[in-house]
Amino acid sequence: MDDTTFLWIRFCPQAGNMAEVLRAQRDGERIRVTATETVPTVPPEEFEAAVADIIRREYVAGPCRCVIDLGQCPWLNSQGIGVMIAWYQLITQAKGRMVLVRPDTRVRNVLAITRLDQVFPIFDTLEEGLDDLLPVG
């Protein structure tokens, strides 16, 4: 995986019980999606496993860089937290990096209460997350 390629997981999208996992490349200020997979979020165990398989495929090519986009996620329960922790462990064990972007106030409060805001790098915008995940030059 080159230094501009990343996984962009749109967590809890509004379109039913589905999530999108996009493989994308950053070219300066532009983002180009090169592949998209739709993954059912229910049951949570299958969602976690399906995305973990995608992450494993990515880090075969090098350290996986992953953005978890919480912009359409109105709440976060213990199952969602468990899923994100499992992905985080998988990615960091493979020397990759994961960031969270666009959590609303309610989700940010859950992350603060659980102290996960001290584990996960959290950014208000996708651009800020990508700047941290994929430093320019």
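A: This is a predicted model, so local features need pLDDT of at least 70, side-chain atom pairs count only at pLDDT 80 or more, and totals for chains, interfaces and linings use all residues. Residues are numbered from 1 along each chain as its sequence is written, and side-chain values use heavy atoms, with hydrogens and water left out.

Start with the count. There are 8 salt bridges, where a salt bridge is a side-chain nitrogen of Lys or Arg within 4 Å of a carboxyl oxygen of Asp or Glu. Three of them follow, one by one.

Glutamate 20 and arginine 10 form one of these, at 2.8 Å from N to O. Glutamate 20 belongs to strand β2 (residues 18-27) and arginine 10 to strand β1, so the bridge ties together parts 10 residues apart in sequence. Helices (H or I, at least four residues) and strands (E, at least two) are DSSP runs, numbered from the N terminus. Glutamate 20 is partly exposed, with 25% relative accessible area. Arginine 10 is partly exposed too, at 26%. On this scale, buried means under 20% relative accessible area, exposed means over 50%, and partly exposed lies in between (1.4 Å probe, protein chains only).

Next, arginine 26 and aspartate 131. Their closest N and O atoms are 2.5 Å apart. Arginine 26 is in strand β2 and aspartate 131 in helix α4 (residues 126-133), so this pair ties together parts 105 residues apart in sequence. Arginine 26 counts as buried, at 12% relative accessibility. Aspartate 131 is partly exposed, at 41%.

Then comes aspartate 69 with arginine 102. The closest N and O atoms of this salt bridge are 2.9 Å apart. Aspartate 69 lies in strand β4 (residues 65-69), and arginine 102 in the loop between β5 (97-101) and α3 (105-113); the pair links distant parts of the chain, 33 residues apart. Aspartate 69 is buried, at 4% relative accessibility, whereas arginine 102 is partly exposed, at 35%.

Threonine 5 is buried, at 1% relative accessibility. Its side chain makes a polar contact with the side chain of glutamine 25, at 3.5 Å. A polar contact is a pair of N or O atoms within 3.5 Å; within protein, one must be able to donate a hydrogen and the other to accept it, and residues adjacent in sequence count only if both atoms are side-chain atoms.
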